[in-house]
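Trainee: I would like to go through this model term by term. Please set each value against its rule.

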Amino acid sequence: AIDHLRDDVKYCRHCMMIADEDVCSICSDNSRDHRTICVVESVRDVMSIENTGQYRGVYHVLGGVISPINGVGPSDLTIRELVSRVADLTSPEAMFEAEVILALSGDVEGETTSFYIYRQISQYGVKVSSLARGLGFGDDLEYADELTLGRSIVNRQIFRP
C-alpha cells in the first residue's frame with residue numbers, strides 16, 4: 001500500500017487534486033459543470049465541499065494560501081495554473097459564461113490570497129464569487145466578533161419561513 005501511494009498517486013493535471021490517474025475522477029466526470037471552478041486551499045477542503053452534495057462544478061487546489069510570515073508567496077501555490085485554466089475557459093472559442101468561486105478561509109491570509117487571485121483573473125471577464133460569510137447556523141450573537149457580525153448584516157438574505 002505504501003509503495004502504491006509513493007509510485008501511483010499523483011496530482012491531477014487540471015485541478016491539482018490527489019489522483020491515481022493523470023486526471024482525477026471529478027475532472028473526468030462529464031456530468032459536472034466544468035465552467036465553474038471552486039478554488040480551495042487543500043484536498044481536505046474538496047472533501048468537505050463534496051460531502052455537502054451541493055456543488056457540481058470542478059475544483060482547483062492551491063496547496064496553501066499566501067503567507068509572507070510563513071514564507072509562502074504566490075509562486076509557491078498553483079495560482080499560475082489557475083490563471084491558465086481561466087484563460088482557456090474564457091477564450092473566444094468558449095461559448096459560455098465561466099465562474100470562479102473563491103472558497104478560501106476568511107482570515108488575513110485567505111483574504112489576501114483571494115484578492116491576489118481576483119487581480120490575476122479579473123482581466124478575463126470571468127464571474128468571481130466567494131463563499132458567504134457571517135454567522136453560522138445555531139451561533140449566538142453574543143459570542144460573534146464584530147467582523148463576522150458586520151458581514152452577516154451586509155450579506156443578509158430575505159427571510160423565507
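**Values against definitions**

Trainee: Why is Cys 38 called buried?

Mentor: Cys 38 has 3% relative accessibility. Buried means under 20% relative accessible area, exposed means over 50%, and partly exposed lies in between, with a 1.4 Å probe and protein chains only. Therefore Cys 38 counts as buried.

Trainee: What should I know about the model itself?

Mentor: This is a predicted model, in which local features need pLDDT of at least 70, side-chain atom pairs count only at pLDDT 80 or more, and totals for chains, interfaces and linings use all residues. Residues are numbered from 1 along each chain as its sequence is written, and side-chain values use heavy atoms, with hydrogens and water left out.

Trainee: How many disulfides does the structure hold?

Mentor: The structure holds zero disulfides. Cys 27 is in none either; its nearest cysteine sulfur, that of Cys 15, is 3.7 Å away. Cys 27 has 10% relative accessibility, so it counts as buried.

Trainee: How much space lies in the second largest pocket?

Mentor: About 170 Å³. A volume is the space filled by probe spheres set on the grid points, which are joined across faces, edges and corners. The largest pocket has about 260 Å³.

Trainee: How do the lining residues of the largest pocket divide by class?

Mentor: Three are nonpolar, six polar and three charged. Ala, Val, Leu, Ile, Met, Phe, Trp, Tyr, Cys and Pro count as nonpolar, Asp, Glu, Lys and Arg as charged, and the others, Gly among them, as polar. The lining includes Phe 137, Gly 138, Arg 151 and Ser 152.

Trainee: Is Asp 88 buried or exposed?

Mentor: Asp 88 is exposed, because its relative accessible area is 57%. Asp 88 lies in helix 3.

Trainee: What makes Arg 151 and Glu 111 a salt bridge?

Mentor: A salt bridge is a side-chain nitrogen of Lys or Arg within 4 Å of a carboxyl oxygen of Asp or Glu. For Glu 111 and Arg 151, the closest N and O atoms are 3.5 Å apart, so the pair qualifies. The pair links helix 4 (residues 108-121) to helix 5 (residues 146-154), 40 residues apart. Glu 111 has a relative accessible area of 28%, so it is partly exposed. Arg 151, with 26%, is partly exposed.

Trainee: How many salt bridges are there by this rule?

Mentor: Five. Among them, Arg 56 and Asp 29 meet at 3.7 Å, N to O. Asp 33 and Arg 35 form another, with the closest N and O atoms 3.0 Å apart.

Trainee: Why can such side chains pair?

Mentor: Opposite charges can pair when the charged atoms come close.

Trainee: Why is Thr 78 called buried?

Mentor: Its relative accessible area is 15%, so Thr 78 is buried. Contact means heavy atoms within 4.5 Å. Thr 78 touches Met 16, His 60, Val 61 and Leu 62, not counting residues up to four places away in sequence.

Trainee: What about Met 16?

Mentor: Met 16 has 15% relative accessibility, so it counts as buried. Met 16 has a positive phi of about 70° although it is not a glycine.

Technical notes
1 Å grid on protein atoms, 1.4 Å probe; cavity = no way out; pocket = protein on both sides within 12 Å on 5 of 7 lines; lining within 4 Å. Helix = DSSP H or I, 4+ residues; strand = E, 2+ residues; numbered from the N terminus. Disulfide = S-S within 2.5 Å.
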